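I opened this model to look up how its parts pack together. My entries follow.

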Amino acid sequence: GKPGKKTIMIAEDDKNNYLFLKTVTEKAGFIVVHAQNGTDAVELCRQHPEVDLILMDVKMPVMNGLEATAKIKALRPTLPIIALTAYAQIGDREKMLRAGCDNYLAKPVKGKVLIEMIKNMTP
């Protein structure tokens, strides 16, 4: 990867969830870009080529995380995306991976687990 700080996009419409993820990732030394919804995430991806990884909430207004993931992967096929889901039901994992997510975490997300996963995915 590039020297210096990595940039993470957090696509999350819930303010509390976003603030938690922002705090955890910034404390670990990452720069954070916030997308309010899926449409935002796709747009910000175009504007920020420096983004190294996306944390993508699956349930968002305007455009959901899976649609956004598919669009982002069309723009940047190698950009790692971690799906965040409140309900990991049977079949969800397949749906997410099919949409192009590289990994997923069920909410409530544990900070330590998240940072481990991000570090493994952004060498």
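I looked up the contacts (heavy atoms within 4.5 Å) of Met56, leaving aside its neighbours within four places in sequence. Met56 touches Ala11, Ala41, Gly65, Ala68, Thr69, Ile72, Ile81, Ile82, Ala83 and Leu84.

I noted what I was reading: a predicted model, where local features need pLDDT of at least 70 and side-chain atom pairs count only at pLDDT 80 or more, while totals for chains, interfaces and linings use all residues. Residues are numbered from 1 along each chain as its sequence is written, and side-chain values use heavy atoms, with hydrogens and water left out.

Next I checked the strands (DSSP E runs of at least two residues; helices are H or I runs of at least four, all numbered from the N terminus). Ala11 stands opposite Met56 in β3. I found β1 and β3 parallel, joined by five bridges; strands pair if DSSP finds at least two bridges between them. The open sheet of five strands has the order β2-β1-β3-β4-β5. Its edge strands are β2 and β5 (103–106), each pairing on one side only.

Then I turned to α2 (residues 38–47). Which of its residues are buried (under 20% relative accessible area, 1.4 Å probe, protein chains only)? I listed Gly38, Ala41, Val42, Leu44 and Cys45. They are on the same side of α2 because they cover an arc of only 165 degrees around the axis, taken from the directions from the helix axis to the C-beta atoms. These buried residues pack against β1 (7–11), β2 (31–35), β3 (51–57) and α3 (65–75).

Technical notes:
Buried means under 20% relative accessible area, exposed over 50%, partly exposed in between (1.4 Å probe, protein chains only).
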